[in-house]
Amino acid sequence: MSGIETLFYFVMGFAIFSYGAGKLDSKIVILLAIIAITGLYIAGPHTFLFGMTLATGWSLLNTGVERIFPTLN
């Protein structure tokens, strides 16, 4: 794979799951994160799965921080 193709797969995985994880329930996002981490463990380094792992982890981190430290509106 070329460098541009690798970057494209990573950005697509990150973008799709960043958008989707913000719209889904946190339990589904945890399931997606487990699937991505298991896929990385089985398949080895894969750019799309790595982007998926980062996006779902980021979403879970944001959800956790918002629940621990709620904003005052």
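What percentage of the 73 residues in the chain is buried? Buried residues, meaning those under 20% relative accessible area with a 1.4 Å probe and protein chains only, make up 22% of the chain. Please keep in mind that this is a predicted model, where local features need pLDDT of at least 70, side-chain atom pairs count only at pLDDT 80 or more, and totals for chains, interfaces and linings use all residues. Residues are numbered from 1 along each chain as its sequence is written, and side-chain values use heavy atoms, with hydrogens and water left out.

The chain holds 3 helices and 0 strands, where helices (H or I, at least four residues) and strands (E, at least two) are DSSP runs numbered from the N terminus. Its C-alpha trace spans about 45 × 25 × 15 Å along the principal axes. Of the contacts (heavy atoms within 4.5 Å) with a separation of 6 or more, 68% join residues 24 or more positions apart.

Now turn to helix 1, which covers residues 3–23. Gly-13, Phe-17 and Ala-21 are its buried residues. Viewed down the helix axis, the buried residues of helix 1 fall within an arc of 45° (taken from the directions from the axis to the C-beta atoms), so they line one face. An α-helix has 3.6 residues a turn, so residues three or four places apart point the same way. The buried residues of helix 1 pack against helix 2 (26–43) and helix 3 (47–68). On the face turned away from that buried side sit exposed residues (over 50% relative accessible area), including Ile-4, Tyr-19 and Lys-23.

Definitions and conventions:
Expected span 1.5 Å × (residues − 1).
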